[in-house]
Amino acid sequence: MIPVENNTMRRVVRQSKFRHVFGQAVKNDQCYDDIRVSRVTWDSSFCAVNPRFVAIIVEASGGGAFLVLPLHKTGRIDKSYPTVCGHTGPVLDIDWCPHNDQVIASGSEDCTVMVWQIPENGLTLSLTEPVVILEGHSKRVGIVAWHPTARNVLLSAGCDNAIIIWNVGTGEALINLEDMHSDMIYNVSWNRNGSLICTASKDKKVRVIDPRKQEIVAEKEKAHEGARPMRAIFLADGNVFTTGFSRMSERQLALWNPKNMQEPIALHEMDTSNGVLLPFYDPDTSIIYLCGKGDSSIRYFEITDESPYVHYLNTFSSKEPQRGMGYMPKRGLDVNKCEIARFFKLHERKCEPIIMTVPRKSDLFQDDLYPDTAGPEASLEAEEWFEGKNADPLLISLKHGYVPGKNRDLKVVKKNLLDNKPSANKKVGLIGPAKGVADGVGTMQNEAKLDEILKEIKSIKDTICNQDERISKLEQQMAKIAA
């Protein structure tokens, strides 16, 4: 625990409405049991959640896989339950799209990023075909992070020390930041409107980067002096919060102003455990939750404008150590129970939801706990963001609870894929003497290819229609049995 430094800290914390936030693990029958959580040695959270699904990276033979379970599918998960299993190497990181609750991205040791569309009611068969495969990294991809406000913009970072920003709607890499990091990137965080990113790296530097200008805006060497992994995240006010280790291997947390990174605004030492601290941040309440890998506790802090800026609130403790942690977006919480955070704690063989609540006597909607929060609508299209526009998240009220709407399917339109091929053929034709003949052959070949592709698309559509009919028949039969 952080020592209480002076009376001001003691006074400020006591006055906070989050002083008595308490965590509670759900009952056993509301956990997800019999899951073989991945054993990969990688410091990501291994779990991603949204108001519809919980996704967990699992052990898989001959490749990489993750489970996607509808939130209500608690209890024992059958060994034969379908997985998302298109990667040829272990999956290292997953992230749900903030603008579509059925789209998830995964990064893997096979050097690729894949984007998947999950059926509305979850998986009935294993999913092996992603909507799009993003290839551009030369080493394993350990980080994927969706843009907070622009549709279809995805960032990935690999062990090739490169960060690539993709337009998922066209399957193209539009920004490649490959020479900014001299060593492995531990994590990447977008700021609130997605105009900047901050990164923590093995070279002990914290960098604030403008990805579109491809320049480093601010940098701090030895933000934490220890050799173990750091984390850096943006806060809503533009400051950067970091976790790391001191030279004596004590865990530290710090707060920085990117306009002046010489000295931290605040620096606190915590304990001497060696688990990497994963920070989860709620911009609506300015609370940061720290979950150490291998710890059995979640510590939480409130960030304010008054010294000492980072105020220790409390610790949720349990018996079992955590292998990873998922964090529910605000719109997935139960506002009627004054729930301000929900974590999905990974054990060796199960996933256990933990609910954080502010005790209140009134049953009325507590608008001081639930200011308008980021909703599922994108504020910008990918093209607008790449052209230089910025926009804050579109906010929604949680007064009547959040009802997930219908998500549109992710469609990937590969730009000029067929247009490019005839031009390549034409170039070949120019080399040989029979220019016209080569041109003609090239065009015919392309027309044949186009016909082939169109036929294939038609046959896939037919298959889907047949499957839809079959599913609806089965559903009717199930309904009759249930009745």
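1. Is strand S8 (residues 91-96) largely enclosed by the rest of the structure or largely open, and why? The model under discussion is a predicted one. Five of the six residues of S8 are buried, so the strand is largely enclosed by the rest of the structure.

2. The partner of S8 is strand S9 (residues 103-108), and the two pair in the antiparallel sense over five bridges. They form a hairpin, with six residues between the strands. Within this pairing, aspartate 95 stands opposite alanine 105 in S9.

3. A few totals give the setting. The chain has four helices and 32 strands. Of its 483 residues, 51% count as buried. Among the contacts with a separation of 6 or more, 53% are between residues 24 or more positions apart. The chain exposes about 23,700 Å², of which carbon and sulfur atoms supply 50%.

4. Six of its six residues are buried, so S22 is largely enclosed by the rest of the structure. Burial applies to both faces: Arg251, Leu253 and Leu255 point one way, Gln252, Ala254 and Trp256 point the other way, and all are buried.

5. S22 has an antiparallel partner in strand S21 (residues 240-245), to which six bridges join it. Here threonine 243 has leucine 253 in S22 as its bridge partner. The hairpin of S21 and S22 has five residues between the strands, and in this hairpin serine 249 takes a positive phi near 65°. S22 also runs antiparallel to strand S23 (residues 266-269), with four bridges joining the two. In that pairing, the bridge partner of alanine 254 is leucine 267 in S23.

6. In what order do the strands of the open sheet of four strands lie? The order is S24-S25-S26-S27, and the pairing is antiparallel. Strand S24 (277-282) and strand S27 (310-317) are the edge strands, each pairing on one side only. On average, neighbouring strands of this sheet are turned by 25° against each other, direction ignored. Inside the sheet, strand S25 (residues 287-292) and strand S26 (residues 297-303) run antiparallel and are joined by five bridges. One of the facing pairs is isoleucine 287 and glutamate 302, the latter in S26.

7. Although tyrosine 309 is not a glycine, it has a positive phi of about 70°. Its relative accessibility of 27% makes tyrosine 309 partly exposed.

8. Another positive phi occurs at lysine 204, where the value is about 70° although the residue is not a glycine. Lysine 204 is found in the loop between strand S17 (197-201) and strand S18 (206-210). With a relative accessible area of 24%, lysine 204 is partly exposed, because buried residues are those under 20% and exposed residues those over 50%.

9. Which residues does leucine 69 contact, leaving aside its neighbours within four places in sequence? They are Tyr32, Ile35, Arg52, Phe53, Val54, Ile77 and Tyr81. Leucine 69 has its place in strand S5 (residues 64-70) and counts as buried at 0% relative accessibility.

10. Phenylalanine 53, one of the contacts of leucine 69, has its place in strand S4 (residues 53-58). Phenylalanine 53 is buried, with a relative accessible area of 1%.

11. The final point concerns the surface. Leu450, Ile453, Leu454 and Ile457 form a nonpolar patch there, and together they have about 320 Å² of accessible area. Isoleucine 457 is found in helix H4 (residues 435-482). Its relative accessible area is 39%, so isoleucine 457 is partly exposed.

Key: Residues are numbered from 1 along each chain as its sequence is written. This is a predicted model: local features need pLDDT of at least 70, side-chain atom pairs count only at pLDDT 80 or more; totals for chains, interfaces and linings use all residues. Side-chain values use heavy atoms; hydrogens and water are left out. Buried means under 20% relative accessible area, exposed over 50%, partly exposed in between (1.4 Å probe, protein chains only). Two strands pair if DSSP finds at least two bridges between them. Patches are made of residues with over 30% relative accessible area and no salt bridge: like charges are joined within 9 Å, nonpolar side chains (Val, Leu, Ile, Met, Phe, Trp, Tyr) within 5 Å. Accessible areas come from the Shrake-Rupley method with a 1.4 Å probe; for residues, only the protein chains shown count as cover. A salt bridge is a side-chain nitrogen of Lys or Arg within 4 Å of a carboxyl oxygen of Asp or Glu. Axes are lines fitted to C-alpha atoms, for helices over the stretch in contact, and angles run from 0 to 180 degrees between N-to-C directions. Contact means heavy atoms within 4.5 Å.
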